[in-house]
Every structure is written in structure tokens, then in C-alpha cells.
Amino acid sequence: MSKNLRAASSIQAQINPDTQDFSVIDIALRKEHAEVALTALNKQIARKVIKTETSSQVCPICKNSVNRAYCGTCGQLLHY
Ligand SMILES: [Zn+2]
């Protein structure tokens, strides 16, 4: 099971505790799951593209050139 799928299952269990005994999940794993969710959530918050010496439109997170709504490399939502 991937890290992302584990996190999604864990968070789903928090939303609906009847489906799983969330209390047995280790605190370190809960932290990991929260970090995965935060990373995914942050990608959905539009970030302004930046300008560098070599490109006029660069993803502010991974620094790759971009020209679409989402960064093709890291998936960050962008605005121009
Ligand atoms: Zn990026």
C-alpha cells in the first residue's frame, strides 16, 4: 500500500470512526498521514509563478518552467 493510500485510509477512518478503530494507529503514523494530506492540500492552493534569469514562468515550488494551470512536474496549482 502506498504512503498516500495509507494516509487517505487513515484520514477516512477519522472522518468515519465506525469503519476502523483509529485509536490503534501509532501517533508517528498519524503525523505522517497528516503530512501527506497537508502536502496534497498545499498543491491545491494556487501559487503565483515566478520569474528567473532563464525563464519568465517558473513553478515557485520545484522551479521548473510552466505554462499551464498545474505544474507538470510537481502538480502545484498555479496562477499567473
Ligand atoms: Zn512544480
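A residue is buried if 20 or more other C-beta atoms lie within 10 Å of its own.

**Figure 1. The whole chain, a predicted model.** Buried residues make up 9% of the 80 residues in this protein. The protein holds 2 helices and 2 strands. Read from the N terminus, the order is α-α-β-β. The C-alpha trace spans about 50 × 20 × 20 Å along its principal axes. The radius of gyration is 17 Å, whereas a compact globule of 80 residues would have one near 12 Å. Among contacts with a separation of 6 or more, 29% join residues 24 or more positions apart.

**Figure 2. Where helix H1 crosses helix H2.** H1 covers residues 3-15, and H2 covers residues 27-43. Their axes come within 9 Å and cross at roughly 105°. Angles of 65 to 115 degrees count as roughly perpendicular, so H1 is roughly perpendicular to H2. On the H1 side, the contact uses Lys3, Asn4, Arg6, Ala7, Ser10 and Ile11. On the H2 side, the partners are Leu29, Arg30, Glu32, His33, Val36 and Ala37. The residues of this contact divide into 5 nonpolar, 3 polar and 4 charged.

**Figure 3. Lys43 and its surroundings.** Lys43 lies in helix H2. Is Lys43 buried, exposed or partly exposed? It counts as partly exposed, because it has 16 C-beta neighbours inside 10 Å. Setting aside neighbours within four places in sequence, Lys43 is in contact with Gly75, Gln76 and Leu77. Now look from Lys43 to Glu32: the two are 11 residues apart in sequence. In space they lie 17 Å apart, C-alpha to C-alpha.

Notes
Residues are numbered from 1 along each chain as its sequence is written. This is a predicted model: local features need pLDDT of at least 70, side-chain atom pairs count only at pLDDT 80 or more; totals for chains, interfaces and linings use all residues. Axes are lines fitted to C-alpha atoms, for helices over the stretch in contact, and angles run from 0 to 180 degrees between N-to-C directions. Helices (H or I, at least four residues) and strands (E, at least two) are DSSP runs, numbered from the N terminus. Angles under 35 degrees count as roughly parallel, over 145 as roughly antiparallel, 65 to 115 as roughly perpendicular and the rest as oblique. Two residues are in contact if their C-beta atoms, placed from the backbone, lie within 7 Å. Ala, Val, Leu, Ile, Met, Phe, Trp, Tyr, Cys and Pro count as nonpolar, Asp, Glu, Lys and Arg as charged, and the others, Gly among them, as polar. A residue is buried if 20 or more other C-beta atoms lie within 10 Å of its own, exposed if 12 or fewer, and partly exposed in between; C-beta atoms are placed from the backbone. The radius of gyration is taken over C-alpha atoms; the globule rule is 2.2 Å times the number of residues to the power 0.38.
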